[in-house]
Amino acid sequence: MIWGVLLFKKLLIANRGEIALRIIRACKELGIKTVAVYSEADKDSLHARFADESICIGPNSPSESYLDVARIIAAVEITGAEAIHPGYGFLAENADFSEICERSKIVFIGPNADQIEAMGDKATARETMQQIGVPTVPGSDGLVADLKDAKSIASEIGYPVMIKASAGGGGKGMRVVQNEEELSKSFDTTQAEAKSTFGNSDVYIEKYISEIRHVEIQIFGDSHGKVLHLGERDCSTQRRHQKLIEESPAPGMTSEMRRQMGETAIMAGQGIDYVGAGTVEFLVDPEGNYYFIEMNTRIQVEHPVTEVVTGLDLVKEQIRVAFGEALSFPSGEPSIQGHAIEFRINAEDPAQNFMPSPGCVETFQPPGGPGIRLDTHLYTGYQVPPYYDSLLAKLIVSGSNREEAIVRGRHALDSFVIEGVKTSIPFLSDITRDDDFMTGGVDTGFVEKFMQRWVKR
Ligand code: ADP
């Protein structure tokens, strides 16, 4: 169905928090009316207030609200929305949901069910990538059925290895094992955990590579057969495989590496006729060898760093592409200006092992000034509900180079006041003062090492 974005009037946002506000902003600029859906816990949220219309779709629990397909489709019918933007998380990578939208003649702002399926299951994605010649981390060919199988693969590729849930995501469903004894102890548990968390017990095995960087390439495909890339983001500053800080360009990235990784990511997108915004994630070793780990078929939390260094609006681009328009930016190497860093500010207490900290935001005083962007749904008096993701705000800072961006980030974090709930702000600020971080010597093991020398405050 190709309507053209200008003919289209109303879009429903099947999400909450900062990303729902981000999508509302893009729609306002495109002249599209918005419908917010919200749970009872979110009745006083900004996304419900700032959308043109809003509908309560159920109680606090995500399964009875933001994940309930029938209620969301009913909200579309009641309001006459023509499209759904799923944001990230919730239904964003649910192939059935994309298909239901297509069958109901609702434009899903994202790829079709086949494209989501090709990448949603990580073991299948690995196989698909291997078939089209994209390098993957050494590991099992497809799924690992039982412990015997796991032992034979692990001894072939060598320990340590990682057991990964094929349906896993958000840094969950992964376990590192150092030897055969640990593998024997962990294999069944990882399968059982995968079943209970993701509803699917399938696992596969990869070699565990330490001292590695997480570098991902933003790609975009349109329905005219074009797939382009918009450079990379380094997301190596992680705790428990969850991203805390992301930046673009990646420290140490050369234009030759960007060209090569960009071409590989485009090849991955073309291999599945990809349409929409997607992220091809790689692990990069100190020698510059890179290996595919997974592809996310949606807008990422960290998309603003790419927006800042390319000057593009990725959410508007997603909407245009979903309505059949051609990509608005030119082919060839993307033009990257300056440096951008995103800090994820979560409602959790770093001094108490990052314990979640829901509650009332008694004071909210955001930072400002040149090179500061803040994507957040907070306000003074906002109640942080305990039912959802702990992300409160994304502080995105930019500068003409990495050093300037770090200094801006540090001062912005230090002048950012959130009282009433504990946040990761002091921890992030301390990271910006760390020598290894400042020199760009960060790999996926950095946060763990940093925490050993970190003085809690
Ligand atoms: P998720 O979908 O849960 O985000 P990913 O497969 O993207 O999972 O991996 C998340 C993080 O886990 C990576 O950024 C990296 O730090 C770590 N990781 C994943 N696979 C490996 C591996 N084979 N070796 C070392 N670290 C890995």
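**Salt bridges and ligand shell**

Reader: Why is Glu 246 called buried?

Author: In this predicted model, the relative accessible area of Glu 246 is 0%. Buried means a value under 20%, so Glu 246 counts as buried.

Reader: What makes the meeting of the side chains of Glu 246 and Arg 344 a salt bridge?

Author: The distance from N to O is 2.7 Å, and the cut-off for a side-chain nitrogen of Arg and a carboxyl oxygen of Glu is within 4 Å, so the pair of Glu 246 and Arg 344 qualifies as a salt bridge. This pair links distant parts of the chain, for Glu 246 belongs to strand 11 (residues 242-248) and Arg 344 to strand 14 (residues 339-346), 98 residues apart.

Reader: How do you know that Arg 344 is buried?

Author: Its relative accessible area is 14%, and the limit for buried is under 20%, so Arg 344 is placed in the buried class. Through salt bridges that share partners, Arg 344 and Glu 246 belong to one network with Glu 216, Arg 233, Lys 243, Glu 281 and Glu 302.

Reader: How many salt bridges does a search of the whole structure find?

Author: The search of the whole structure gives 32 salt bridges. One of the pairs is Lys 394 with Glu 18, whose closest N and O atoms are 2.9 Å apart.

Reader: Why does the pair of Lys 394 and Glu 18 tie together parts that are apart in sequence?

Author: Lys 394 lies in strand 21 (residues 391-399) whereas Glu 18 lies in helix 1 (residues 17-30), so the pair connects parts that are 376 residues apart in sequence. Both Lys 394 and Glu 18 are buried.

Reader: What makes Arg 22 and Asp 313 a salt bridge?

Author: The closest N and O atoms of Arg 22 and Asp 313 are 2.8 Å apart, which is to be set against a limit of within 4 Å, so the pair is called a salt bridge. It links distant parts of the chain, with Arg 22 in helix 1 and Asp 313 in the loop between helix 10 (303-310) and helix 11 (314-322), 291 residues apart. Arg 22 has 5% relative accessibility and therefore counts as buried.

Reader: Why is His 377 called buried?

Author: The relative accessible area of His 377 is 6%, and buried means under 20%, so the name applies to His 377. This residue is found in the loop between strand 19 (372-376) and strand 20 (383-384), and a polar atom of its side chain lies 3.2 Å from the backbone nitrogen of Glu 18.

Reader: How do you know that the ligand lies between domain 2 and domain 3?

Author: Residues of the shell around the ligand come from both domain 2 (138-207) and domain 3 (213-456), so the ligand lies between them. The ligand is surrounded by 21 residues, and the closest are Lys 164, Gly 171, His 214, Gln 238 and Glu 294. Strand 6 gives the largest share of the shell, three residues, and by class the shell has seven nonpolar, seven polar and seven charged residues.

Methods: Residues numbered from 1 in each chain as written. Predicted model: local features only at pLDDT ≥ 70, side-chain atom pairs only at ≥ 80, totals over all residues. Heavy atoms only, no water. Helix = DSSP H or I, 4+ residues; strand = E, 2+ residues; numbered from the N terminus. Buried < 20%, exposed > 50% of the residue type's maximum accessible area, 1.4 Å probe, protein only. Near = heavy atom within 4 Å. Nonpolar A, V, L, I, M, F, W, Y, C, P; charged D, E, K, R; others polar. Domains from an automatic or database assignment. Polar contact = N/O pair within 3.5 Å; in protein donor to acceptor, adjacent residues only side chain to side chain.
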